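Hi everyone, thanks for making time.

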Amino acid sequence: MSIYVKNGILHVDGAQDKLRQKGQEKPDFLSNYTMLDIETTGLSPFRDRITELGGVKVRNGQIVDQYTNLLKFPKNNKVPAFITKLNGITEEQLTNEGIPAEQAIKEFREFIGDDTIIGYNVNFDLNFLYDLSQKYNLPVLNNDYVDVLRLARVYYPRQHNRLIDCMQRAGIAQVEQHHGLADSLDTIKVYNDFNQHFTEDLLEQAIGKIKNVDLTGDEVYYYQLGFRNPVQDKNIVLSGNLHMDQRDAGKMINSMGGQLDQNVENTTNYLIMGDHDFFRKNNEDLNRACLLIKDGAKIKRLSESFFLSMLDDWARS
């Protein structure tokens, strides 16, 4: 095995250092933990920013501490209009009421400490928090975690499972506030509701949903891949100085229902390049992709790190 998922964690020989070294998901009902939720300017930790941090520390099932702050960054605090419409956070608020991002993430990282982290679709939050912690040379955020969304999908199979859906079904609230601290407190209520109603069988089902699959093996079955497979039905070209073995990467792509191509064409979906190949003027694949894009082709140019991050998000979903 050279590219595989074990207990929800992606392993890629030769390129492991390009992945966030996050902890392991361990579905369980705990008495001691830190519940957290963040607000951001968008969905991508590569281009978007955290606007708000919220966290609640729980000991013996009781809330003992809370953390909440808006963040302001040195150069850019713009907030997209749709985000302001969603949660009311504005650039003016961040500038006037926020504390410096470096101070906030240092405080929040200390607040979390070594706790097991709990959250709703928490891998999203962890990506942003991990990157910001690394930016300021803080301890690696590799705490194990519980994703309440994983529990919701087992408890409410074949249904929409946003946080607000679970809140409404349990009679907790009719409206989600979309603020870090408030959503953390609401998620605790959902988590406690599941704790009261879960059976051992349901918990075992949740644990069983965590992925374990050899992506370069002889046979990969559809049920092992689950949903949100980023490679399915994609035509992919590998180019440049990649750290992952290209033969194994090709086998993985084919095993996941994609098609590895040798040349960039109009039908190409992803051109995956080494992290520094974007800046090489002599990259023939990139130059051809740029010409085809000008003519209307829908080719996404991805760095190896970005592509592996996509795979990591899938592996942990």
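Let me start with a question: in which sense do strand S10 and S11 pair, and over how many bridges? They pair in the parallel sense, over 3 bridges, with S10 covering residues 235–239. Asn235 stands opposite Gln259 in S11, if you want a place to look. Keep in mind that this is a predicted model.

Now zoom out a bit. Those two belong to an open sheet of 4 strands, in the order S11-S10-S12-S13, with parallel pairing. S11 (259–261) and S13 (300–303) are the edge strands, each pairing on one side only. From one strand to the next, the twist averages 30°.

What packs on that sheet? Helix H11, residues 284–294, does, and it touches S10, S12 (270–273) and S13. The direction of H11 makes about 150° with that of S12. Then there's helix H12, residues 304–315, which lies across S12 and S13 and runs at about 90° to S13.

Okay, over to the start of the chain. S1 (residues 3–6) and S2 (residues 9–12) pair in the antiparallel sense over 4 bridges, and Ile3 stands opposite Val12 in S2. They make a hairpin with 2 residues between them, and Asn7 in the turn has a positive phi of about 55°. S1 is also joined by 2 bridges to S9 (residues 213–214), running antiparallel, with Val5 opposite Val213.

Last stop, helix H7, residues 180–197. Its buried residues include Leu181, Ile188, Tyr191 and Phe194.

Note on methods:
Residues numbered from 1 in each chain as written. Predicted model: local features only at pLDDT ≥ 70, side-chain atom pairs only at ≥ 80, totals over all residues. Heavy atoms only, no water. Pairing = 2+ DSSP bridges. Buried < 20%, exposed > 50% of the residue type's maximum accessible area, 1.4 Å probe, protein only. Axes fitted to C-alpha atoms, helices over the stretch in contact; angles between N-to-C directions. Contact = heavy atoms within 4.5 Å.
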